[in-house]
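Please find below a short note on the model under review. It is arranged as numbered points for reading beside the structure.

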Amino acid sequence: MYLIATNNGLYKLDKELEKLTEGYEVNDAILPYICSSEKGVISKNNEAIINEGCWRLWEYDNTIYASIEGPKIYEIRDRKVKEILNLTKEAEKLGWEFPYGPAHITDFALFKDYIVATVEEGNLLVGKSMSELKPIDFFADMHNLLVSGENLLIATANGIYKTKDMKSFNKVTSGYAHGLEDLGRIVVAHIMSQEPLIISRDNGISWDKVSVKLPRPTFGVTAIAKKDERKVIYSTTAVYEVDIIEQKPIELVKEIPITRRVIKV
(Lines give C-alpha, C1' and ligand atoms only; values in the text may rest on other atoms or scores of the structure.)
Protein backbone atom coordinates (compact mmCIF):
# COMPACT_ATOMS: atom_id res chain seq x y z
CA MET A 1 0.00 0.00 0.00
CA TYR A 2 1.10 3.56 -0.71
CA LEU A 3 0.12 6.99 0.53
CA ILE A 4 0.37 9.78 -2.03
CA ALA A 5 0.68 13.29 -0.63
CA THR A 6 -0.52 15.89 -3.16
CA ASN A 7 -1.14 19.61 -3.44
CA ASN A 8 -4.84 18.87 -2.89
CA GLY A 9 -5.06 16.18 -0.24
CA LEU A 10 -3.82 12.75 0.74
CA TYR A 11 -4.59 9.57 -1.21
CA LYS A 12 -4.24 5.87 -0.47
CA LEU A 13 -3.24 3.55 -3.30
CA ASP A 14 -3.88 -0.15 -2.80
CA LYS A 15 -5.85 -2.03 -5.38
CA GLU A 16 -7.64 1.22 -6.15
CA LEU A 17 -7.05 4.90 -5.42
CA GLU A 18 -8.89 6.29 -2.38
CA LYS A 19 -9.06 9.96 -1.36
CA LEU A 20 -8.41 10.39 2.38
CA THR A 21 -8.39 14.21 2.63
CA GLU A 22 -8.77 17.17 0.29
CA GLY A 23 -8.76 20.96 0.23
CA TYR A 24 -5.18 21.56 1.36
CA GLU A 25 -1.61 20.69 0.39
CA VAL A 26 -0.05 17.61 1.98
CA ASN A 27 3.73 17.14 2.02
CA ASP A 28 4.03 13.89 3.96
CA ALA A 29 2.11 11.47 6.18
CA ILE A 30 2.73 8.85 8.84
CA LEU A 31 -0.82 7.99 9.80
CA PRO A 32 -2.58 9.14 11.86
CA TYR A 33 -0.42 12.26 11.34
CA ILE A 34 -0.56 14.40 8.20
CA CYS A 35 2.11 17.00 7.40
CA SER A 36 1.04 20.16 5.56
CA SER A 37 2.81 23.45 4.86
CA GLU A 38 -0.63 25.10 5.01
CA LYS A 39 -2.16 23.46 8.10
CA GLY A 40 0.86 22.18 10.02
CA VAL A 41 0.61 18.71 11.55
CA ILE A 42 -2.94 17.46 11.82
CA SER A 43 -4.54 14.10 12.53
CA LYS A 44 -6.53 12.14 9.98
CA ASN A 45 -9.61 13.37 11.86
CA ASN A 46 -8.54 17.00 11.29
CA GLU A 47 -7.32 17.60 14.86
CA ALA A 48 -4.57 20.25 15.04
CA ILE A 49 -1.33 18.83 16.47
CA ILE A 50 1.20 21.55 15.47
CA ASN A 51 0.02 24.89 14.09
CA GLU A 52 3.11 25.69 12.02
CA GLY A 53 4.00 24.72 8.45
CA CYS A 54 5.19 21.12 8.20
CA TRP A 55 7.40 19.70 5.43
CA ARG A 56 8.48 16.20 6.48
CA LEU A 57 7.73 13.49 9.03
CA TRP A 58 10.29 10.89 10.11
CA GLU A 59 9.85 7.95 12.46
CA TYR A 60 12.82 6.86 14.53
CA ASP A 61 13.09 4.93 17.79
CA ASN A 62 9.29 4.81 18.34
CA THR A 63 9.05 8.58 17.96
CA ILE A 64 7.76 10.74 15.11
CA TYR A 65 9.71 13.86 14.29
CA ALA A 66 8.12 16.75 12.40
CA SER A 67 10.17 19.11 10.24
CA ILE A 68 8.64 22.54 10.81
CA GLU A 69 9.51 25.69 8.87
CA GLY A 70 12.16 27.77 10.57
CA PRO A 71 13.73 25.25 10.45
CA LYS A 72 12.57 23.56 13.63
CA ILE A 73 11.99 19.98 14.72
CA TYR A 74 9.17 18.82 16.97
CA GLU A 75 8.98 15.46 18.69
CA ILE A 76 5.62 13.66 18.76
CA ARG A 77 5.53 10.86 21.32
CA ASP A 78 2.39 9.37 22.87
CA ARG A 79 0.45 12.30 21.32
CA LYS A 80 2.58 14.76 23.31
CA VAL A 81 4.42 17.44 21.31
CA LYS A 82 7.72 19.09 22.21
CA GLU A 83 10.07 21.37 20.27
CA ILE A 84 13.53 19.80 20.41
CA LEU A 85 15.50 21.87 17.89
CA ASN A 86 15.26 25.45 16.66
CA LEU A 87 17.71 26.60 13.99
CA THR A 88 16.08 29.91 13.04
CA LYS A 89 19.12 31.89 14.25
CA GLU A 90 21.48 29.65 12.28
CA ALA A 91 19.26 30.08 9.22
CA GLU A 92 19.58 33.85 9.40
CA LYS A 93 23.30 33.77 10.14
CA LEU A 94 24.18 31.31 7.36
CA GLY A 95 21.79 32.67 4.74
CA TRP A 96 19.39 29.76 4.42
CA GLU A 97 16.60 30.70 2.01
CA PHE A 98 13.41 29.26 0.57
CA PRO A 99 11.40 31.28 -1.97
CA TYR A 100 7.98 30.46 -0.45
CA GLY A 101 8.67 30.91 3.25
CA PRO A 102 11.22 30.03 5.94
CA ALA A 103 13.88 27.40 5.31
CA HIS A 104 12.96 23.87 6.35
CA ILE A 105 14.40 20.38 6.69
CA THR A 106 13.43 18.10 3.81
CA ASP A 107 14.80 14.68 4.81
CA PHE A 108 16.58 12.62 7.46
CA ALA A 109 18.86 9.58 7.37
CA LEU A 110 21.03 7.46 9.65
CA PHE A 111 24.61 7.33 8.38
CA LYS A 112 27.59 5.88 10.27
CA ASP A 113 26.11 6.41 13.74
CA TYR A 114 24.97 9.94 12.94
CA ILE A 115 21.63 11.49 12.08
CA VAL A 116 21.91 13.58 8.91
CA ALA A 117 19.34 16.09 7.68
CA THR A 118 18.97 18.24 4.55
CA VAL A 119 17.92 21.89 4.51
CA GLU A 120 16.15 23.53 1.56
CA GLU A 121 18.18 25.70 0.93
CA GLY A 122 21.04 25.57 3.43
CA ASN A 123 23.76 23.51 5.09
CA LEU A 124 23.77 19.78 5.66
CA LEU A 125 23.01 19.00 9.32
CA VAL A 126 24.79 16.28 11.31
CA GLY A 127 24.46 15.15 14.91
CA LYS A 128 24.41 12.20 17.30
CA SER A 129 20.74 12.92 18.05
CA MET A 130 17.93 15.04 16.62
CA SER A 131 18.42 17.74 19.24
CA GLU A 132 22.17 17.90 18.46
CA LEU A 133 21.92 18.50 14.71
CA LYS A 134 24.39 21.19 13.64
CA PRO A 135 25.35 22.62 10.24
CA ILE A 136 28.52 21.47 8.47
CA ASP A 137 30.19 23.17 5.51
CA PHE A 138 28.25 21.47 2.67
CA PHE A 139 25.65 23.94 1.34
CA ALA A 140 23.05 23.25 -1.36
CA ASP A 141 19.37 23.28 -2.28
CA MET A 142 18.82 19.78 -0.85
CA HIS A 143 15.81 17.50 -1.19
CA ASN A 144 16.37 13.85 -0.20
CA LEU A 145 18.94 11.48 1.30
CA LEU A 146 19.74 7.80 0.75
CA VAL A 147 22.39 5.55 2.27
CA SER A 148 23.73 3.14 -0.36
CA GLY A 149 26.60 0.88 0.66
CA GLU A 150 29.39 3.08 2.01
CA ASN A 151 27.93 6.18 0.39
CA LEU A 152 25.48 8.82 1.51
CA LEU A 153 23.64 10.20 -1.53
CA ILE A 154 22.18 13.72 -1.51
CA ALA A 155 19.64 14.80 -4.13
CA THR A 156 19.95 18.53 -4.82
CA ALA A 157 18.74 21.12 -7.31
CA ASN A 158 21.95 20.81 -9.35
CA GLY A 159 22.55 17.07 -9.17
CA ILE A 160 23.28 14.13 -6.89
CA TYR A 161 26.26 14.22 -4.55
CA LYS A 162 27.91 11.35 -2.71
CA THR A 163 30.08 11.31 0.38
CA LYS A 164 31.71 8.60 2.48
CA ASP A 165 32.88 10.78 5.35
CA MET A 166 30.73 13.98 5.28
CA LYS A 167 33.94 15.91 4.63
CA SER A 168 34.46 15.31 0.92
CA PHE A 169 31.46 15.64 -1.44
CA ASN A 170 31.49 14.66 -5.12
CA LYS A 171 28.76 15.40 -7.67
CA VAL A 172 28.04 12.14 -9.49
CA THR A 173 25.32 13.28 -11.90
CA SER A 174 23.67 16.56 -12.92
CA GLY A 175 20.04 17.68 -13.12
CA TYR A 176 17.34 18.86 -10.74
CA ALA A 177 17.29 15.72 -8.57
CA HIS A 178 14.67 14.86 -5.99
CA GLY A 179 13.59 11.28 -5.28
CA LEU A 180 16.06 8.55 -4.26
CA GLU A 181 15.05 4.91 -3.76
CA ASP A 182 17.02 1.74 -2.98
CA LEU A 183 15.63 -1.34 -4.74
CA GLY A 184 18.34 -3.63 -3.40
CA ARG A 185 20.87 -4.02 -6.22
CA ILE A 186 19.74 -0.85 -7.99
CA VAL A 187 19.34 2.73 -6.80
CA VAL A 188 16.67 4.75 -8.62
CA ALA A 189 16.48 8.54 -8.69
CA HIS A 190 14.53 11.07 -10.69
CA ILE A 191 15.47 14.38 -12.25
CA MET A 192 13.33 17.06 -13.87
CA SER A 193 13.02 15.62 -17.38
CA GLN A 194 10.56 13.98 -19.79
CA GLU A 195 12.61 10.82 -19.17
CA PRO A 196 13.04 11.42 -15.45
CA LEU A 197 14.26 8.08 -14.08
CA ILE A 198 17.95 7.32 -13.68
CA ILE A 199 19.58 4.28 -12.08
CA SER A 200 22.86 3.28 -10.45
CA ARG A 201 24.18 -0.25 -10.00
CA ASP A 202 27.26 0.76 -7.98
CA ASN A 203 25.81 2.54 -4.91
CA GLY A 204 25.44 5.90 -6.62
CA ILE A 205 28.88 6.25 -8.22
CA SER A 206 27.72 6.12 -11.86
CA TRP A 207 24.25 6.66 -13.34
CA ASP A 208 22.34 5.61 -16.47
CA LYS A 209 19.10 6.97 -17.93
CA VAL A 210 15.97 4.81 -18.07
CA SER A 211 14.44 5.33 -21.52
CA VAL A 212 10.84 5.75 -20.38
CA LYS A 213 8.83 8.91 -21.02
CA LEU A 214 6.65 9.93 -18.06
CA PRO A 215 4.83 13.07 -16.91
CA ARG A 216 7.64 15.48 -16.04
CA PRO A 217 8.20 16.05 -12.30
CA THR A 218 8.20 19.65 -11.16
CA PHE A 219 9.68 21.51 -8.18
CA GLY A 220 9.12 19.88 -4.80
CA VAL A 221 8.02 16.50 -6.15
CA THR A 222 9.40 13.27 -4.65
CA ALA A 223 7.81 11.07 -7.27
CA ILE A 224 9.08 7.54 -6.56
CA ALA A 225 8.71 4.75 -4.00
CA LYS A 226 9.93 1.15 -4.15
CA LYS A 227 7.57 -1.56 -5.39
CA ASP A 228 10.09 -4.43 -5.44
CA GLU A 229 13.65 -5.11 -6.60
CA ARG A 230 12.89 -4.06 -10.18
CA LYS A 231 9.86 -1.77 -9.99
CA VAL A 232 8.93 1.64 -8.61
CA ILE A 233 5.66 3.49 -8.16
CA TYR A 234 5.97 6.84 -9.94
CA SER A 235 3.47 9.64 -9.34
CA THR A 236 3.33 13.25 -10.56
CA THR A 237 0.01 14.08 -12.27
CA ALA A 238 -0.71 10.41 -12.98
CA VAL A 239 0.46 7.20 -11.30
CA TYR A 240 2.56 4.52 -12.96
CA GLU A 241 4.22 1.27 -12.05
CA VAL A 242 7.58 1.27 -13.82
CA ASP A 243 9.69 -1.82 -14.46
CA ILE A 244 13.25 -0.46 -14.37
CA ILE A 245 14.79 -3.57 -15.95
CA GLU A 246 12.33 -3.92 -18.82
CA GLN A 247 12.02 -0.10 -19.04
CA LYS A 248 8.25 -0.51 -19.21
CA PRO A 249 5.58 1.71 -17.56
CA ILE A 250 2.03 0.66 -16.70
CA GLU A 251 -0.46 3.45 -15.98
CA LEU A 252 -2.32 2.77 -12.71
CA VAL A 253 -4.15 6.08 -12.25
CA LYS A 254 -4.91 8.42 -15.15
CA GLU A 255 -5.10 11.64 -13.15
CA ILE A 256 -4.12 12.80 -9.66
CA PRO A 257 -3.38 16.25 -8.15
CA ILE A 258 0.29 17.21 -8.37
CA THR A 259 2.20 14.80 -6.14
CA ARG A 260 4.36 15.99 -3.28
CA ARG A 261 5.61 12.62 -2.01
CA VAL A 262 4.95 8.91 -2.54
CA ILE A 263 5.15 6.94 0.72
CA LYS A 264 5.35 3.15 0.91
CA VAL A 265 3.45 1.84 3.95
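1. The model is predicted: local features need pLDDT of at least 70, side-chain atom pairs count only at pLDDT 80 or more, and totals for chains, interfaces and linings use all residues. Residues are numbered from 1 along each chain as its sequence is written, and side-chain values use heavy atoms, with hydrogens and water left out.

2. Taking a disulfide as a pair of cysteine sulfur atoms within 2.5 Å, the count comes to 1 disulfide. Cys-35 is joined to Cys-54, with an S to S distance of 2.1 Å. The pair links distant parts of the chain, 19 residues apart: Cys-35 belongs to strand 5 (residues 33-36) and Cys-54 to strand 8 (residues 54-60). Strands here are DSSP runs (E, at least two residues), numbered from the N terminus. The link of Cys-35 and Cys-54 is left-handed, with -105° about the S-S bond. Both Cys-35 and Cys-54 are buried (under 20% relative accessible area, 1.4 Å probe, protein chains only).

3. An open sheet is formed by 4 strands in the order 16-17-18-19, with antiparallel pairing; two strands pair if DSSP finds at least two bridges between them. Strand 16 (142-148) and strand 19 (170-173) stand at the edges with a single partner strand each, so one side of each has no neighbour in the sheet. On average, neighbouring strands of this sheet are turned by 30° against each other, direction ignored (axes are lines fitted to C-alpha atoms). Strand 17 (residues 151-156) is joined to the antiparallel strand 18 (residues 159-163) by 5 bridges, and Leu-153 stands opposite Lys-162 in strand 18.

4. A further open sheet has 4 strands in the order 24-25-26-27, again with antiparallel pairing. Its edges are strand 24 (224-226) and strand 27 (248-253); each has a single partner strand, so one side of each is left without a neighbour in the sheet. Neighbouring strands of this sheet are turned by 25° against each other on average, direction ignored. Strand 25 (residues 231-235) pairs with strand 26 (residues 239-243) over 5 bridges in the antiparallel sense, and Lys-231 stands opposite Asp-243 in strand 26.

5. What surrounds His-190? This residue lies in strand 21 (residues 187-191) and is buried, with a relative accessible area of 1%. Not counting residues up to four places away in sequence, His-190 touches several residues, among them Tyr-176, His-178, Pro-217, Val-221 and Ile-224 (contact means heavy atoms within 4.5 Å). A polar atom of the His-190 side chain lies 3.3 Å from the backbone oxygen of Val-221.

How values were computed: Axes are lines fitted to C-alpha atoms, for helices over the stretch in contact, and angles run from 0 to 180 degrees between N-to-C directions. Buried means under 20% relative accessible area, exposed over 50%, partly exposed in between (1.4 Å probe, protein chains only). A polar contact is a pair of N or O atoms within 3.5 Å; within protein, one must be able to donate a hydrogen and the other to accept it, and residues adjacent in sequence count only if both atoms are side-chain atoms.
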